[in-house]
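Please read the points below with the structure in view.

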Amino acid sequence: MTEIIDGNAVASEIRDELTESIERLADAGARPGLATVLMGDDPASQTYVNMKQRDCEEVGIESHHVDVDGDAPPEELFDTIADLNGNDDVHGYIVQAPVPDHVDYRNVIRRVDPAKDVDGFHPENVGRLVAGDARFRPCTPHGVQKLLESAGVDTEGTDVTIVGRSDIVGKPLANLLIQKAEDGNATVTVCHSRTDDLAEKTRSADIVVAAAGVPELVDGSMLSEGTVVIDVGVNRVDADNDKGYELVGDVEFESAKAKASAITPVPGGVGPMTRAMLLYNTVKAAGLQEDVDVDLP
């Protein structure tokens, strides 16, 4: 019987665990604060921001939000970032991607205070992660590790194939999984659009993480029996329903489920974990800045 790894349930457990850490901060006279910055009016980005604000309210994190006109010059966004860097009530913040074309997102990331960079994207935090001394683990890769842990998957000695080399998922996850740590010690292959014979790489893996942003790229024929499959992709495809679309992952679920020992669904798999780990990083940031031992798991 294939185990369906329930990201909603694991995310709920993590939020419950954060409650005690938030109480420790409260006893010290501090409340963790998370800010979101949205430049423009992209509907999907607005939805993500609204969800993050609801998550904060649920666990007792103070939520802040700043809208920046999508036609404003980059300097207006940079001024907002400078204000948040200096705001003691904000322990962490994110600038929701994508930003408008006239703004260099790399320049945005470099201006974020690394101590408040709860996405874990600042070059300083990337360097610390690679060196094995991560301040913040990026939310989606850390969420993947938590899902594997919840399914009882020991990564030590396993062969992992990651499909996708993005700065947000593929690269940091590969670095985390090769670390000398309880949730690492794996041998990792990172595949991408120039990989020759992708199916050969995925069939040889004990764990396959699909994070390429290509609908149903990986199917059951590309997996060996008993593979653990983590599907990071969320893709909107046309469908004959009231919405006119449905959400699918980077894995063709039904055929993959027939081969997998455990698999994440889309939606309800990695997505909720990304949001939960953002809360986790915010509480960790608050503990570091307020000099409070928040004792995170």
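1. A charge is taken to sit over a ring if NZ of Lys or CZ of Arg is within 6 Å of the ring centre and within 35 degrees of the ring normal. By that rule, the charged end of Arg 236 sits over the ring of Tyr 245, 3.9 Å from its centre, and Arg 111 lies over the face of Phe 78, at 3.8 Å from the ring centre.

2. On the basis of these notes: this is a predicted model, in which local features need pLDDT of at least 70 and side-chain atom pairs count only at pLDDT 80 or more, while totals for chains, interfaces and linings use all residues. Residues are numbered from 1 along each chain as its sequence is written, and side-chain values use heavy atoms, with hydrogens and water left out.

3. An unreviewed UniProt entry annotates residues 5–119 as "domain: Tetrahydrofolate dehydrogenase/cyclohydrolase catalytic"; such annotations may be inferred rather than shown by experiment, and their positions are given in the numbering used here, with feature names shortened. In the model this span is 50% helix and 16% strand, and its end C-alpha atoms lie 24 Å apart. Helices (H or I, at least four residues) and strands (E, at least two) are DSSP runs, numbered from the N terminus.

4. The unreviewed UniProt entry also carries a "binding site" annotation that covers Gly 164, Arg 165, Ser 166 and Val 234. Ser 166 is found in the loop between strand E5 (159–163) and helix H7 (170–177), where a polar atom of its side chain lies 2.9 Å from the backbone nitrogen of Val 169. Not counting residues up to four places away in sequence, Ser 166 touches Lys 171 and Pro 172, contact meaning heavy atoms within 4.5 Å.

5. Val 234, for its part, is in the loop between strand E8 (228–231) and strand E9 (235–238). Leaving aside neighbours within four places in sequence, Val 234 is in contact with Leu 247, Val 248 and Val 266.

6. Is each of these residues buried or exposed? Buried means under 20% relative accessible area, exposed over 50%, and partly exposed in between (1.4 Å probe, protein chains only). Val 234 is therefore exposed, with a relative accessible area of 52%, whereas Ser 166 counts as partly exposed at 30%. Thr 36, in strand E2 (residues 33–39), counts as buried at 2%, and its contacts beyond four places in sequence include Val 49, His 64 and Ile 94.

Conventions. A polar contact is a pair of N or O atoms within 3.5 Å; within protein, one must be able to donate a hydrogen and the other to accept it, and residues adjacent in sequence count only if both atoms are side-chain atoms.
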